[in-house]
Amino acid sequence: MDNQYKIKSNRESGDGRFDVSLIPREKRYPGIILELKWKEKLSDVELEKWSNEALKQIGELRYDSEMKEDGITEILKFGIAFSGKKVCVRTE
C-alpha cells in the first residue's frame, strides 16, 4: 500500500494524536484513520463499547482535520478494540 498511501502513526492532528493514518497519494483513494484500544480480558459487550469509544474519539478530537485541509473529502474511520484474540471493529 506504500505506493498508494503515506502511512503515519502517533502524529498530532486536530486536538490529539491518532494511532495510524493512511494519507492517499492520489485524491481518488479515500483517507483512512485507525484508532486502536487494547485491554486484557474484555467481554464482547466491553469490546463493542471500546471500539465505539475509539471511533467517537476520532471525531471528537478531529483527527481528520489534516486530511480535510489537504482536500481529502472521503475519509474512512475505524475504531478497533482488542482483547486477547478477540477484536471488534466499528467504522464510519
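Guide: Happy to; here are some labels, each set against its cut-off. Please keep in mind that this is a predicted model.

Visitor: Let's begin with glycine 16. Why is glycine 16 called buried?

Guide: Buried means under 20% relative accessible area. Glycine 16 has 16% relative accessibility, so glycine 16 counts as buried.

Visitor: Where is glycine 16 found, and what does glycine 16 touch?

Guide: Glycine 16 is found in strand β3, residues 16–17. Leaving aside residues up to four places away in sequence, glycine 16 touches Arg11, Leu61 and Tyr63. There is also a C-alpha separation of 9.4 Å between glycine 16 and glutamate 60, which are 44 residues apart along the chain.

Visitor: Now the sheet. What is the order of the strands?

Guide: The open sheet has 5 strands in the order β1-β4-β5-β6-β7, with mixed pairing. β1 (5–9) and β7 (86–91) are the edge strands, as each pairs on one side only. On average, neighbouring strands of this sheet are turned by 15° against each other, direction ignored.

Visitor: What makes β1 and β4 a pair?

Guide: Two strands pair if there are at least two bridges between them. β1 and β4 (residues 20–24) are joined by 5 bridges, so they pair, and they run antiparallel. Within this pair, isoleucine 7 stands opposite leucine 22 in β4.

Visitor: How do you know that β5 and β6 pair, and in which sense?

Guide: The same test applies: 8 bridges set against at least two, so β5 and β6 pair, in the parallel sense. Leucine 34 has phenylalanine 78 in β6 as its bridge partner. Phenylalanine 78 also stands opposite threonine 91 in β7.

Visitor: How many bridges join β6 to β7?

Guide: There are 6 bridges, and β6 and β7 run antiparallel. Alanine 81 stands opposite cysteine 88 in β7. The two strands form a hairpin with 2 residues between them, and glycine 84 in the turn has a positive phi of about 60°.

Visitor: Which strands does helix α1 lie across?

Guide: Helix α1 (residues 44–60) lies across β5 (31–38), β6 (75–83) and β7, running at about 145° to β6.

Visitor: Glutamine 57 is in helix α1. Why is glutamine 57 called buried?

Guide: The relative accessible area of glutamine 57 is 17%, and the cut-off is under 20%, so glutamine 57 is buried.

Visitor: What makes the link between glutamine 57 and glutamate 35 a polar contact?

Guide: A polar contact is a pair of N or O atoms within 3.5 Å, one able to donate a hydrogen and the other to accept it. The side chains of glutamine 57 and glutamate 35 are joined at 3.2 Å, so the distance meets that cut-off. Beyond four places in sequence, glutamine 57 touches Glu35, Lys37, Arg62 and Tyr63.

Visitor: What does methionine 67 touch?

Guide: Not counting residues up to four places away in sequence, the contacts of methionine 67 include Ile23, Ile33, Ile72 and Ile75.

How values were computed. Residues are numbered from 1 along each chain as its sequence is written. This is a predicted model: local features need pLDDT of at least 70, side-chain atom pairs count only at pLDDT 80 or more; totals for chains, interfaces and linings use all residues. Side-chain values use heavy atoms; hydrogens and water are left out. Helices (H or I, at least four residues) and strands (E, at least two) are DSSP runs, numbered from the N terminus. Buried means under 20% relative accessible area, exposed over 50%, partly exposed in between (1.4 Å probe, protein chains only). Contact means heavy atoms within 4.5 Å. Axes are lines fitted to C-alpha atoms, for helices over the stretch in contact, and angles run from 0 to 180 degrees between N-to-C directions.
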